[in-house]
Amino acid sequence: MLSLWELNATQIITKLKTNNMKHLQEKSQRRNIEKVYNLCTDSEKGESLNWYKETNTFATHLSELFNLNSNVKVCGIISALSPAVNWERNKVDAHNFLALADANSSEETILRGKFGTYKNNVLKAVEIYNLKSPTAKKIGEILFGKTGLKTMSFFYNIYDLNNEEIVTIDRHAVKVANNVYKGGGVSVSKNQYKLTEKAYIKVAKKLNIKPYQLQAVVWVKYRQLRNL
């Protein structure tokens, strides 16, 4: 599997407008992450702990529906189409994309489809679909592009349920770790992404769950706390 930290250290993970958020040290981030996790009820934890597993199952369903040999392409396509959309729209877009691709639609026809994400992300989905010998590494490289580390991480978290080294660090995950409960974008460098990811990994190990499970639990609770 592609090592996330072999990538160029100068690359920026997101170009969202910064809100001058202060990035805390790892120890403080760990404390903030665990605090939000502990606010969850057992019922909330149980539901969120299974989110990535259920998403993997959904990808398998689509792969069988459209006669693909494995769910690796579908996991990549779901991830490619995920930026700027909620999960329900993401699922619909993935299904509609595969329906168009399965009908041998041209790239131009697919790009005219009604997708919630940006055109460049649809192009990534096309590139993934067209892979003759798809592997997780090839798909991860396509998803990374220039600013897609979060999207690539999302793919690995959906596809590889045994992974304990990669976490999807989006703006909510960053804000949880840094104890920020207000709106606005965040600017995250590669090193800051790595620091927050490491914090999630260490807390997950302490709690004896997968890092992606911890991220899913606190993501849901954080949105609840902010009434999002």
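Modeller: A helix here is a DSSP run of H or I with at least four residues, a strand is a run of E with at least two, and both are numbered from the N terminus. The model is predicted: local features need pLDDT of at least 70, side-chain atom pairs count only at pLDDT 80 or more, and totals for chains, interfaces and linings use all residues. Residues are numbered from 1 along each chain as its sequence is written, and side-chain values use heavy atoms, with hydrogens and water left out.

Biologist: What does helix α1 reach from its first C-alpha to its last?

Modeller: Helix α1 covers residues 26-39, which is 14 residues, and it reaches 20 Å. That is close to the 20 Å expected at 1.5 Å a residue, where the expected span is 1.5 Å times one less than the number of residues.

Biologist: Which residues of α1 are buried?

Modeller: They are E26, S28, Q29, N32, I33, E34, V36 and Y37. Buried means under 20% relative accessible area, exposed means over 50%, and partly exposed lies in between, with a 1.4 Å probe and protein chains only.

Biologist: And what do those buried residues pack against?

Modeller: Their partners are α2 (42-49), α10 (171-177), α11 (190-207) and α12 (211-225). Contact in this sense means heavy atoms within 4.5 Å.

Biologist: Which residues make up the network of salt bridges with E26?

Modeller: E26, R30, K198 and K202 are linked in that network.

Biologist: How many salt bridges does the whole structure hold?

Modeller: A search finds eight. One of them joins the side chains of E34 and K206, at 3.0 Å from N to O. E34 lies in helix α1 and K206 in helix α11, so the pair ties together parts 172 residues apart in sequence. E34 is buried at 19% relative accessible area, whereas K206 is exposed at 60%.

Biologist: New topic, the core. Which residues touch the most other members there?

Modeller: In the largest nonpolar core, which has 63 residues, they are I33, F97, L98, Y200 and L214. Such a core is a set of buried Ala, Val, Leu, Ile, Met, Phe, Trp, Tyr and Cys residues joined through side-chain atoms within 4.5 Å.

Biologist: What is L214 in contact with?

Modeller: Leaving aside neighbours within four places in sequence, L214 touches I33, Y37, Y200, V203, A204, L207 and I209.

Biologist: And S79, where is it found, and what does it touch?

Modeller: S79 is in helix α4, residues 72-80, and is buried at a relative accessible area of 0%. Not counting residues up to four places away in sequence, S79 touches L143, T151, F154, F155 and I158.

Biologist: Now the backbone. What is the phi of N208, and of N227?

Modeller: N208 has a positive phi of about 65° although it is not a glycine. N208 sits in the loop between α11 and α12 and is exposed, with a relative accessible area of 71%. N227, also not a glycine, has a positive phi of about 55°. N227 belongs to the segment after α12 and is exposed at 70%.

Biologist: L228 next, please. What does L228 touch?

Modeller: L228 touches H172 and R223, not counting residues up to four places away in sequence. L228 is in the segment after α12 and is partly exposed at 47% relative accessible area.

Biologist: Finally, which residues form a nonpolar patch on the surface?

Modeller: L39, Y181 and L225 do, with about 250 Å² of accessible area together. Areas come from the Shrake-Rupley method with a 1.4 Å probe, and for residues only the protein chains shown count as cover. Patch residues have over 30% relative accessible area and no salt bridge; like charges are joined within 9 Å, and nonpolar side chains (Val, Leu, Ile, Met, Phe, Trp, Tyr) within 5 Å. L225 lies in helix α12 and is partly exposed at 37%.

How values were computed. Salt bridge = Lys/Arg side-chain N within 4 Å of Asp/Glu carboxyl O.
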